[in-house]
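Subject: Structure handover

Hello,

The structure we discussed is below, with my notes after it. Please read the notes with the coordinates open.

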Amino acid sequence: MSNRKIGIDLGGTKIEIAVLDERNHTVLRRRIATPAGDYDAIVSAIAGLVREAESQLGPADGIGIGTPGMASVETGLMKNANSTALIGKALQRDVEERLQRSVRMTNDANCFALSESVDGAGAGAHTVFAVILGTGVGGGIAIGGRILEGPNRIAGEWGHNPLPWPRERETPGPACYCGKHGCIETFLSGPALAREYRAASGSAAEPAEIASRAVQGDAVALACMETYEDRVARALATVINILDPDAIVLGGGVSNIGRLYERLPAILPAYVFSDSVRTRIIRAAHGDSSGVRGAAMLA
Ligand SMILES: [Zn+2]
């Protein structure tokens, strides 16, 4: 036993590999560009990264892969992936055939939840709801240091629930790629925040810049941030009412906005069905590395 495990984070633009030792320290890390749109090349690239890592460090005990989307429980074929080359493909089977060994696979939000709950921002918290506020909005649940997957493997996928307590101007809400309107993702993703600000101000800015303009006294930016924070609070309140997690860890590009960690605890009590809200709202500790670390921890 080497006590080393390999994690692969398969993304739309890059594939990352990390090898963790028995203390979850990273002993090797490498990223390459995803051969976009070419499924066979993606499988080959994953196998190539594993072989290269093991030729340097010796055989690992296990391999975990984090993917966009999930494999269908019914068919084993990939679904819900924003990397469309994967949709309908038996990714796990194909990688296993190529490597001649078994691998563990789950979606990237679950990997993020696992990494943050084992030794990240949620370490010590029994139940962690991990939220990605990025290009898309995803979520995963870790309980006692293990991923909660569920029979449909969608536990934590709150991004395609409707935004709760919608205001008049929020209904029916923007069209979503999933076929519905007004999904949480269409209000809380980074592009959604940028779209709101552009519509209100006529000026294009990334989420971090909008937050910084709000601090500098830009009234439109401040109003956009306040609306955004109220929406995040509404969306999280429904999760707290059902799951009551000890900690909610925020990741993804928008999670770098510092004021969220002051404002959300102040707004949440208006929506959570409790006289006090003790849920900790914390920023992810491992940033971009969470996906690949959590994938290794699957192994
Ligand atoms: Zn949707």
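Predicted model: local features only at pLDDT ≥ 70, side-chain atom pairs only at ≥ 80, totals over all residues.

Asp 244 sits in the loop that links α7 and β11. Its phi is positive, about 45 degrees, although the residue is not a glycine. Asn 24 also has a positive phi without being glycine, in this case near 65 degrees. The loop between β2 and β3 (26-33) holds Asn 24, and this residue is partly exposed, with 13 other C-beta atoms within 10 Å. The peptide bond between Thr 171 and Pro 172 is cis, with omega at about -5 degrees. Pro 172 belongs to the loop between β10 and α4 (184-188). For context, most residues other than glycine have a negative phi, and most peptide bonds are trans.

The five-stranded sheet

An open sheet is built from five strands in the order β10-β9-β8-β11-β12, with mixed pairing. The edge positions are taken by β10 (146-147) and β12 (280-283); each has a single partner strand, so one side of each lacks a neighbour in the sheet.

Strand β8 (residues 127-133) has six of its seven residues buried, so the rest of the structure largely encloses it. With strand β9 (residues 137-143), β8 pairs in the antiparallel sense over seven bridges. The two form a hairpin, with three residues between β8 and β9. Within this pairing, Phe 129 is opposite Ile 141 in β9.

The pairing of β8 with β11 is parallel and has five bridges. Here Ala 130 faces Val 249 of β11. β11 also runs parallel to β12, and four bridges join them; the bridge partner of Ile 248 in β12 is Ile 281.

The nonpolar core

Which residues have the most contacts inside the largest nonpolar core? They are Ile 6, Ala 113, Ala 130, Leu 236 and Val 249, in a core of 82 residues. Helix α7 (residues 219-243) supplies the largest share of this core, eleven residues. At least three core residues come from each of domain 1 (5-111 + 289-298) and domain 2 (123-283).

As for Leu 236, it touches Ile 248 and Leu 268, leaving aside residues up to four places away in sequence. Ile 248 is the residue bridged to Ile 281 in β12.

Helix α9

Why is helix α9 (residues 290-298) described as largely enclosed by the rest of the structure? Nine of its nine residues are buried, so the description follows from the count. The buried residues are Ser 290, Gly 291, Val 292, Arg 293, Gly 294, Ala 295, Ala 296, Met 297 and Leu 298. Arg 293 and Ser 290 are on that list along with residues such as Val 292 and Leu 298. The cover over the buried residues of α9 includes strands β1 (5-10), β2 (14-20), β4 (62-67), β7 (104-107) and β11 (247-251), together with helix α3 (108-119).

Regards

Technical notes
Residues numbered from 1 in each chain as written. Buried ≥ 20, exposed ≤ 12 C-beta atoms within 10 Å, placed from the backbone. Contact = placed C-beta atoms within 7 Å. Core = buried A, V, L, I, M, F, W, Y, C linked by C-beta atoms within 7 Å. Domains from an automatic or database assignment. Pairing = 2+ DSSP bridges.
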